Amino acid sequence: MREVTSLHLARIHHAAIICADYARSKRFYTEVLGLRVVAENHRAARDSYKLDLALPDGSQIELFSFPGAPRRPTRPEAQGLRHLSFEVHDVQAAAGELTAQGIPVEPLRTDEYTGRRFTFFADPDGLPLELYEAAPAGDLDALLLQLEGALHRREVRASPARLEELLDDEFRELGVSGTEWTRPAIIEALRGEAFSERSIADFRVERMAPGIALVTYRAHRSATEERPAADSLRSSLWRMRRGRWRMVFHQGTPLPAPA
């Protein structure tokens with residue numbers, strides 16, 4: 001028997017989809033599912049579009065259009081790739097978002113082997129898509145601490161794409177200086193900030209309603225050459241949208257410097 005060599009495959013980089021109506025499918029994957037556009041190219045020689053879309057973890061979908069591409073048989077199920085599955089933190093909330101936008105979603109089911117919930121819907125060309133509930137890596141408190149903490153890291157604050165994934169479209173912030181920030185304004189301001197290390201303490205989560213959570217904590221900003229160290233009380237309102245938690249409001253209250 002031939003010896004099998006290790007390829008050291010890391011993860012699935014992307015899945016490729018061919019659509020019938022490029023504009024319709026682009027709207028579906030970007031506006032309905034909320035995927036981020038990485039690149040868009042029109043290959044004139046083939047009269048073909050190629051749209052690269054990214055999920056928050058970096059995995060991608062390549063959306064293609066080809067003139068005259070045959071329809072995909074979906075019923076009965078054919079051999080080959082069966083469906084594309086998206087992981088969400090709350091499958092019921094994500095399904096509700098789709099239903100509210102007029103997209104039919106199958107009744108929720110439970111995986112008999114993992115105990116996690118899932119459901120199916122379809123893209124504009126009938127491609128079966130699945131929503132699969134994430135394995136609990138902890139509780140909501142741990143998840144929101146992870147997301148809140150990400151917004152204190154240098155690489156996230158310097159990345160407009162990562163900030164757009166974490167901040168809700170309706171995001172507002174009342175800063176420690178009293179300035180009110182919108183989502184575009186805070187993303188632009190963080191491009192050129194003089195970064196200083198930050199830490200979180202006394203982190204608490206209060207569930208306000210289904211899909212709504214308030215977090216409060218004490219933040220410490222380390223001293224730099226430009227400014228001294230500072231402490232503040234922070235509160236953030238997180239909202240579940242499209243199966244993903246995003247910050248919709250943030251407020252900072254400065255604490256007096258120790259005597």
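Hi everyone. When I say a residue is buried, I mean that its relative accessible area is under 20%. Please keep that cut-off in mind, and also that what you see above is a predicted model.

Let me start with the overall picture. The protein chain has 259 residues, and 36% of them count as buried. There are six helices and 14 strands in the chain. Its C-alpha atoms fill a box of roughly 75 × 50 × 45 Å along the principal axes. If you take the contacts between residues at least 6 apart in sequence, 51% of them join residues at least 24 apart.

Now to the aromatic residues. How many aromatic pairs does a search of the whole structure find? It finds seven. One of them is Phe-28 with Tyr-29: the ring centres are 5.1 Å apart and the planes sit at 85°, so we call the pair edge-to-face. Phe-28 and Tyr-29 are both buried. Another edge-to-face pair is Phe-118 with Phe-120, at 6.1 Å centre to centre and with 90° between the planes. Phe-118 has a relative accessible area of 11%, so it is buried. Phe-120 comes in at 14%, so it is buried as well. Phe-28 and Tyr-29 also belong, together with Phe-121, to one aromatic cluster.

Tyr-29 leads us on to the nonpolar cores. The largest core holds 25 residues, and Tyr-29, Leu-33 and Leu-129 are the members that touch the most others in it. Several elements each supply at least two residues to this core, among them strand E1 (14-19), helix H1 (22-32), helix H2 (91-100) and strand E8 (128-133). Which element gives the most? That is H1, with four residues. If you want to look around Tyr-29 on screen, leave out the residues up to four places away in sequence; its contacts then include Ile-17, Leu-53, Ile-61, Leu-63, Asp-123 and Leu-129.

There is also a second, separate core, this one of 23 residues, and it includes Val-156, Tyr-217, Ala-219 and Met-247.

Two of those names, Tyr-217 and Ala-219, come back when we turn to Ser-232. Leaving aside neighbours within four places in sequence, Ser-232 is in contact with Val-176, Tyr-217, Arg-218, Ala-219, Thr-253, Pro-254 and Leu-255. Ser-232 lies in strand E13, which covers residues 230-241. Is Ser-232 buried or exposed? Its relative accessible area is 6%, so Ser-232 is buried. Its side chain also makes a polar contact of 3.0 Å with the side chain of Arg-234. As a reminder for anyone following a strand by eye, side chains in a regular strand alternate between the two faces of the sheet.

Last stop, a hairpin. Strands E11 (residues 198-209) and E12 (residues 212-221) run antiparallel, with nine bridges joining them. Within this pairing, Arg-204 stands opposite Thr-216 of E12. Two residues lie between E11 and E12, and in that turn Gly-211 has a positive phi of about 80°.

To recap, we have an edge-to-face pair at Phe-28 and Tyr-29, a largest core of 25 residues, a second core of 23 residues, and a hairpin made by E11 and E12.

Note on methods
Residues numbered from 1 in each chain as written. Predicted model: local features only at pLDDT ≥ 70, side-chain atom pairs only at ≥ 80, totals over all residues. Heavy atoms only, no water. Phe/Tyr/Trp six-rings, centres within 6.5 Å; stacked < 30°, edge-to-face > 60°. Buried < 20%, exposed > 50% of the residue type's maximum accessible area, 1.4 Å probe, protein only. Core = buried A, V, L, I, M, F, W, Y, C linked by side-chain atoms within 4.5 Å. Contact = heavy atoms within 4.5 Å. Polar contact = N/O pair within 3.5 Å; in protein donor to acceptor, adjacent residues only side chain to side chain. Pairing = 2+ DSSP bridges.
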